Amino acid sequence: MKQDNDFMRQAVKLSLESVKNGGGPFGAVIVKDGEVVATGSNCVTLHNDPTAHAEVSAIRSAANKLGTFDLRGCRIYTSCEPCPMCLGAIYWARLDKIYYANTKTDAKDIGFDDSFLYEEMSLKPEERKLPSEQLLREEAIKAFEAWQVKEDKTEY
């Protein structure tokens, strides 16, 4: 669809501008009802923030602008197939659809290789390369118990 291509071109343009401005080669656009709600580009190195990926930045902006964490009714156009973090954020935000241009293999070919993350996530915590250890579950579970019985909570 022509309009989809136009939104994707905007995401691609953001990725090119990001490279020129010292950021990573990624851009994202969030659209609702045929209108751009928010945009984002990769600012990891610019902001010293490993979570400042284009998709996460666009989601944060859209949620702030729309006043909700639930972005149902929105679609995301991203210049590259989302990494595991961004994919998780997209699911948590409940976006309706993902459109992407470059693939994760294209990203891997220029040094953005997320394959180890996909592999690590499929392992049990004790089998992962990054050591992890469970502590104080008996204390921490109290917050979950409080959440479970809370009557005025906002589900998400």
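View 1. N42 is buried, with a relative accessibility of 7% (buried means under 20% relative accessible area, exposed over 50% and partly exposed in between, with a 1.4 Å probe and protein chains only). The model is predicted: local features need pLDDT of at least 70 and side-chain atom pairs count only at pLDDT 80 or more, while totals for chains, interfaces and linings use all residues. Residues are numbered from 1 along each chain as its sequence is written, and side-chain values use heavy atoms, with hydrogens and water left out. N42 lies in the loop between strand 2 and helix 2 (44-47); helices (H or I, at least four residues) and strands (E, at least two) are DSSP runs, numbered from the N terminus.

**View 2. The surroundings of N42.** The side chain of N42 reaches the backbone nitrogen of G24 at 3.4 Å. Beyond its neighbours within four places in sequence, N42 is in contact (heavy atoms within 4.5 Å) with S18, G23, G24, F26, A52, H53 and A54.

View 3. Four strands, in the order 2-1-3-4, form an open sheet with mixed pairing; two strands pair if DSSP finds at least two bridges between them. Strand 2 (35-41) and strand 4 (97-102) are the edge strands, each pairing on one side only.

**View 4. The pairing of strand 1 with strand 3.** Five bridges join strand 1 (residues 27-32) to strand 3 (residues 74-80) in the antiparallel sense. V29 has Y77 in strand 3 as its bridge partner.

Methods
A polar contact is a pair of N or O atoms within 3.5 Å; within protein, one must be able to donate a hydrogen and the other to accept it, and residues adjacent in sequence count only if both atoms are side-chain atoms.
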